[in-house]
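Subject: Structure handover

Dear colleague,

The structure is below, followed by notes on what was found in it. Please read the notes with the structure open.

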Amino acid sequence: MSEDKKTGRGRAEEWWQTSIIEMRPGVIRLRGYEIQDLIGRVSFPAMIWLMLRGELPSEEQAALLGIALGAAVDHGPQAPSIAIARMAATCGVGINNAMASAINVLGDVHGGAGEQALSFYGDIAAAMDGGTPLAQAVKARLDRFFAEEKGYVPGLGHRFHPVDPRAPRLIELTREFAARGVVSGRFADIAGAIEAEVAARKGKTIPLNIDGTTAVIYGELGFPPALTRGLFVLSRSVGILAHAWEQSQQGDRNKGPLPREWLWAYTGMPVRPFPDTE
């Protein structure tokens with residue numbers, strides 16, 4: 001039917017098109033599955049997988065996804081997103097407002113390193129697909145990074161922890177799942193090779209961090225880099241919710257980033273008289 005002959009209802013129904021959900025009175029289907037068939041049978045990580053990927057994961061795939069999501073839920077009020085959630089809660093706003101305020105600062109600098117790490121791993125994986133050995137592919141990508149890009153190699157180092165306590169455990173578990181054939185272990189190999197090559201160049205080890213290791217898991221499970229950031233937001237939202245709720249129960253009002261007796265460093269003009277006027 002031509003565009004000008006479509007009924008108003010037909011045009012309305014085509015206004016939004018989605019393969020995710022079918023819904024009408026008495027019916028909710030997600031990716032073709034009746035919601036009542038999913039309830040009680042599908043875990044939350046499996047539901048995330050289904051919604052994003054269109055198919056149900058295996059139990060072990062869902063378990064590994066849940067491990068990555070669970071590892072990054074919180075890092076305390078020194079993390080800007082958590083601090084913002086707590087400050088917002090002292091302003092008397094609702095839980096949703098406090099959570100939204102916190103989530104809105106999860107960007108390239110705070111929260112985006114996992115996406116950057118997986119993109120970095122993906123460049124190396126693509127070179128390997130073209131026949132380049134792992135060590136050579138890692139060296140070439142790092143050469144390009146240090147020549148053309150600025151900042152830190154994504155996925156390595158932590159401003160607070162000499163060794164991020166979450167990272168070794170996540171790699172250990174990834175290796176266990178790879179040994180059972182759930183994932184290939186390829187991204188774990190790539191991350192390990194990057195860590196080793198950077199250590200050889202700098203003369204000291206800069207260990208993998210939470211972003212680098214969750215990126216390993218998301219890559220092993222086949223998620224594209226852009227979704228890695230969204231998955232981190234889902235994970236960190238748990239901690240944001242917990243802190244916003246806790247703070248809302250403490251009774252503080254208008255609590256800023258510093259105790260009120262500690263003020264900021266003023267770097268402007270010294271006190272000066274207002275100019276005389278005629």
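The buried residues of helix H8 are covered by, among others, helix H7 (113-129) and helix H10 (186-202). Contact here means heavy atoms within 4.5 Å, and helices (H or I, at least four residues) and strands (E, at least two) are DSSP runs numbered from the N terminus. This is a predicted model, in which local features need pLDDT of at least 70 and side-chain atom pairs count only at pLDDT 80 or more, while totals for chains, interfaces and linings use all residues. Residues are numbered from 1 along each chain as its sequence is written, and side-chain values use heavy atoms, with hydrogens and water left out.

H8 itself covers residues 134-148, which is 15 residues. From first C-alpha to last it reaches 21 Å, close to the expected 21 Å at 1.5 Å a residue; the expected span is 1.5 Å times one less than the number of residues. Its buried residues are Ala-137, Val-138, Arg-141, Leu-142 and Phe-145. Seen down the helix axis, the buried residues of H8 fall within an arc of 125°, so they line one face; the arc is taken from the directions from the axis to the C-beta atoms. Gln-136, Ala-147 and Glu-148 are exposed and sit on the face turned away from the buried side. Buried stands for under 20% relative accessible area, exposed for over 50%, and partly exposed for what lies in between (1.4 Å probe, protein chains only).

Helix H3 (residues 44-53) also has buried residues: Pro-45, Ala-46, Met-47, Ile-48, Trp-49 and Leu-50. They pack against strand E2 (27-30), strand E3 (33-34), helix H2 (35-38), H4 and H12. Gly-54 follows H3 and has a positive phi, near 90°.

Next, a buried charge. Arg-236 belongs to helix H12 (residues 225-248). Arg-236 is buried but has no salt bridge, and the nearest side chain of opposite charge is that of Asp-74, 5.3 Å away. For that count, Lys and Arg are positive and Asp and Glu negative, with His and the chain ends not counted. A salt bridge requires a side-chain nitrogen of Lys or Arg within 4 Å of a carboxyl oxygen of Asp or Glu. A polar atom of the Arg-236 side chain does lie 3.4 Å from the backbone oxygen of Val-73. Beyond its neighbours within four places in sequence, Arg-236 is in contact with residues including Ala-72, Val-73, Asp-74, His-75, Leu-106, His-110 and Arg-166.

How many salt bridges does the structure hold? The count is 18. One of them joins the side chains of Arg-180 and Glu-60, at 2.8 Å from N to O. This pair links distant parts of the chain, 120 residues apart: Arg-180 is in the loop between helix H9 (166-179) and H10, and Glu-60 is in helix H4 (residues 59-71). Arg-180 is partly exposed, at 45% relative accessibility, and Glu-60 is partly exposed too, at 30%.

Asp-129 and Arg-186 form another salt bridge, with their closest N and O atoms 2.5 Å apart. Here too the pair links distant parts of the chain, Asp-129 in H7 and Arg-186 in H10, 57 residues apart. Asp-129 is exposed, with a relative accessible area of 58%, whereas Arg-186 is partly exposed at 26%.

Glu-172 is partly exposed at 40%, and Arg-169 is partly exposed at 44%. Elsewhere, salt bridges with shared partners join Glu-22, Arg-24, Arg-29 and Glu-34 into one network.

Two further residues complete the notes. Ile-84 is in helix H5 (residues 80-90) and is partly exposed, at 23% relative accessibility. Its C-alpha is 6.7 Å from that of Ser-101, which is 17 residues away in sequence. Not counting residues up to four places away, Ile-84 touches Ser-101, Ala-102 and Val-105.

Ala-178, in H9, is partly exposed at 22%. The C-alpha atoms of Ala-178 and Ala-188 are separated by 9.3 Å, with the two residues 10 apart along the chain. Leaving aside neighbours within four places in sequence, Ala-178 is in contact with Val-183, Ser-184 and Gly-185.

Regards

Methods: Polar contact = N/O pair within 3.5 Å; in protein donor to acceptor, adjacent residues only side chain to side chain.
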